[in-house]
Amino acid sequence: MARKTKNNAPPATAPVPASLPPEVLAALGRPAQEAPRTFKTEGAGAIVAAGWKAAFHPGENSLRRHMAAQFYPWKVGGALLGAGLLASHAAQVSGTHALVAALATGVGSFAALRVLRSLKARQHRATKLAAEWAEVDPAHARVCVAAAGVWLVAVILIQPASLPAWWWSGLVGLLALLALGSRFWAHHRVPRVLAAAQAAGPTPPPPPGEHAIARKWRTRVGNTSGSLPGTKIADLVDEAYGVRGKLHLVPGRQTITSVRAALGYVATALGVAEADVLVEHVEPTEDEPKPDSSILDIKVITSGLLMAKVPLEGDRLVVDGADVSVRLGPYVDGDGEALWRLYTADSIWGGFVAGSTGSGKSGLLDGLAVGIWQTKTTILLYLDPKNGGSSPRIFDRAHWAVGKDPKTWDTILDGLVEVVEMRGLENSARLKTSGFAPTFERPGIVVIVDECHSVINAQNVERWAKVGREGRAAGVQVVYASQIYGLATFAGDDAVRSSATAGNTVALRVSRNQSSMIAEIPLDPSTLPKVTGVGLVDSGREVPFKAAWAPTDVTAALMDQAMEGAPTELDPLAAGAFDNGTGGLYSRRAEIAEQQIANAEERLRACEAGRTPARRTAADTEVALPNITELTLDNLPTSIDPALLSDADLGLGILAAANRDPNEVLLATWSGAARRVLEVLIERGAVKRGEIEKYVMDAEECARATVSRAMDDLAEAAVIEPLPRRGGWQLTT
């Protein structure tokens with residue numbers, strides 16, 4: 001049986017102060033405790049010790065430790081330089097030494113790759129970064145080791161013995177180091193941590209009942225590695241559309257511009273579309289007339305309101321005294337509506353609508369026309385190069401609608417200039433005013449120019465600019481609409497674009513190479529979802545809106561209802577000026593339109609019956625029937641025999657369109673880098689991508705990324721296509 005032993009340890013004695021003299025400690029039976037001796041360097045020794053510590057024992061917060069990854073390629077380069085010096089001196093002893101050094105270099109290069117793949121290499125501080133890089137990018141690691149081996153073998157074989165020889169050898173090695181190290185440095189970015197985030201210390205635990213959006217922001221966006229480090233959202237409230245709250249920025253570090261630049265990353269972090277994240281300045285109130293600019297309003301749309309249709313119904317006007325605006329549609333969060341400014345005190349306003357195919361541009365113009373007619377004080381004209389195909393509803397109801405007839409377009413423009421001049425004279429001589437106030441007796445004139453890039457040209461651009469500049473005070477303005485945006489849309493004249501965008505600018509979804517040109521809208525229209533009717537406006541809130549829409553029959557009924565009680569004729573002065581400016585065409589517009597349609601119907605019936613159509617007279621204005629768009633001999637109806645047609649017989653410009661270079665229409669549709677890409681493909685046929693990029697970069701003075709985006713847009717629009725086996729690019733056939 002085991003016996004329990006007593007604890008014979010000596011009893012603990014009271015601690016004795018270490019400050020007693022040695023003789024007192026000896027009398028008490030305590031050995032003297034000598035303080036450990038330390039040596040404190042001074043003078044030159046202190047300098048050497050400090051250098052040794054900085055070189056081999058850097059502190060945790062030192063620059064060397066902070067940028068260890070950035071210094072690492074230079075360390076490796078220095079080690080290779082030293083190895084090269086030793087190998088070169090060894091090779092100078094004899095040929096055998098040189099051969100052995102070269103073989104050792106090859107074996108060492110192979111062994112280095114094997115060692116870097118081992119666990120010990122990843123654990124050792126000297127080889128940790130190299131081992132991690134060999135695992136992250138093994139191909140590049142092999143290239144680096146091979147380049148180092150080749151340089152060492154070259155030094156062994158050359159055996160540089162003079163300073164110039166070593167200088168050139170070192171220069172080659174330095175260039176190789178910079179070229180190969182760039183990939184390593186691109187991966188290991190210089191760490192940047194905000195001071196506010198550092199001061200905050202470790203991330204606190206999630207508060208109880210934290211909102212899901214707040215948690216995603218805290219862990220994915222506002223953390224030190226997120227796209228907006230140091231930011232946080234608070235005061236979240238659930239709404240019908242999603243969530244709203246306050247976004248707190250880091251003062252002095254971030255602005256609303258930096259937040260919008262990172263919206264793409266924020267959207268992926270929150271799991272929503274980029275257009276569903278709305279960031280705005282806080283609106284001033286009486287209690288807080290100057291809100292803190294580091295606190296923003298943020299809303300996250302989660303209910304899918306963008307996909308819901310907004311009905312076009314009711315009164316489309318917002319009237320505030322002399323200010324009259326047309327309601328385009330609600331903002332995506334339901335807080336207010338986007339407005340089109342039509343009238344203000346003493347002025348009428350036009351604008352510009354940009355939108356690619358399928359973006360809802362025609363539906364938006366329909367809603368705008370309904371609002372214009374509801375004013376009961378406005379006359380609407382409509383020019384459509386698509387012969388009424390863009391909006392047949394407006395084409396059938398406009399005061400004067402003209403299809404694809406360039407001569408008549410220019411005639412109408414001359415009439416508008418005459419009206420502007422005569423009303424300006426009336427303002428100064430009779431009314432003694434400098435502006436315009438619409439009435440039923442003296443209505444305003446709004447001209448919608450659809451596909452305006454086909455209407456404005458170098459010959460008439462000055463007159464369009466005059467109408468835009470001077471028409472505001474004379475009650476005459478133009479609404480331009482196009483699929484593209486830029487100076488090419490306005491025949492290279494910035495005066496026309498400036499006068500158009502001074503009133504209103506609406507950007508529906510556009511391509512990436514077009515969105516950068518719309519400076520009036522701070523957000524990027526190319527990031528809008530591919531949902532019809534979603535757009536941005538230059539005034540009001542800086543968030544997307546959804547344009548109101550209705551089926552064709554409902555829209556037509558709304559237009560007819562809005563036109564009840566609206567003026568059907570201009571005032572006598574404007575009508576006379578318009579008639580004088582158009583050479584009498586204005587007063588005969590209805591008669592001419594009826595005769596044109598009758599003549600066109602007769603020609604079509606003749607073609608269908610196999611007869612030669614009657615010749616049109618020289619006095620007839622070229623007609624453009626609805627829905628006959630860009631007709632050529634290649635896409636004629638099968639019931640029409642092309643052999644029976646001639647320019648003089650049919651009068652629809654068919655042969656002129658067929659003989660015209662189709663590339664002119666293609667080039668007129670695109671601008672900027674995309675147009676340059678088309679030019680080189682039209683001129684040379686199939687072209688390598690590198691040659692296209694070089695040509696466009698030289699011509700446009702743009703970056704390679706801009707050319708790449710332009711080619712992506714052209715490929716998405718089925719305008720260009722790649723050849724198999726990387727044979728280059730060509731126009732689609």
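Predicted model: local features only at pLDDT ≥ 70, side-chain atom pairs only at ≥ 80, totals over all residues.

Trainee: Which residues does the UniProt annotation "transmembrane region" cover?

Mentor: The unreviewed UniProt entry gives residues 72-91, 97-119 and 139-159. Its positions are in the numbering used here, feature names are shortened, and annotations may be inferred rather than shown by experiment.

Trainee: What is the helix content of residues 97-119?

Mentor: That span is 91% helix and 0% strand, with its end C-alpha atoms 34 Å apart. Residues 139-159 are 95% helix and 0% strand, and there the end C-alpha atoms lie 30 Å apart. Helices (H or I, at least four residues) and strands (E, at least two) are DSSP runs, numbered from the N terminus.

Trainee: Turning to strands, are the faces of β9 covered or open?

Mentor: Both faces of β9 (residues 351-354) are covered. Gly 351 and Val 353 on one side, and Phe 352 and Ala 354 on the other, are all buried. Buried means under 20% relative accessible area, exposed over 50%, and partly exposed in between (1.4 Å probe, protein chains only).

Trainee: Which strand does β9 join over 4 bridges?

Mentor: That is β13 (residues 476-482), which runs parallel to β9, and Ala 354 stands opposite Ser 482 there. β9 also pairs in the parallel sense with β14 (residues 505-508) over 3 bridges, where Ala 507 is the bridge partner of Ala 354. Two strands pair if DSSP finds at least two bridges between them.

Trainee: What is on the surface, as regards a nonpolar patch?

Mentor: Trp 74, Leu 174, Leu 175 and Leu 178 form one, with about 370 Å² of accessible area together. Patches are made of residues with over 30% relative accessible area and no salt bridge; like charges are joined within 9 Å, and nonpolar side chains (Val, Leu, Ile, Met, Phe, Trp, Tyr) within 5 Å. Accessible areas come from the Shrake-Rupley method with a 1.4 Å probe, and for residues only the protein chains shown count as cover. Helix α9 (residues 163-187) supplies the largest share of the patch, 3 residues. Trp 74 lies in helix α4 (residues 68-91) and is partly exposed, at 41% relative accessible area.

Trainee: How many salt bridges does the structure hold?

Mentor: There are 30, a salt bridge being a side-chain nitrogen of Lys or Arg within 4 Å of a carboxyl oxygen of Asp or Glu. In one of them, Glu 280 meets Arg 541, with the closest N and O atoms 2.6 Å apart. This pair links distant parts of the chain, 261 residues apart: Glu 280 is in strand β3 (residues 277-281), and Arg 541 is in the loop between β15 (534-537) and β16 (545-546).

Trainee: Are those two buried or exposed?

Mentor: Glu 280 is buried at 13% relative accessibility, and Arg 541 is buried at 14%.

Trainee: Which residues are linked with them in a network?

Mentor: The network of salt bridges links Glu 280, Lys 299, Asp 333, Asp 335 and Arg 541. Lys 299 is buried at 11% relative accessibility, whereas Asp 335 is partly exposed at 43%.

Key: Residues numbered from 1 in each chain as written. Heavy atoms only, no water.
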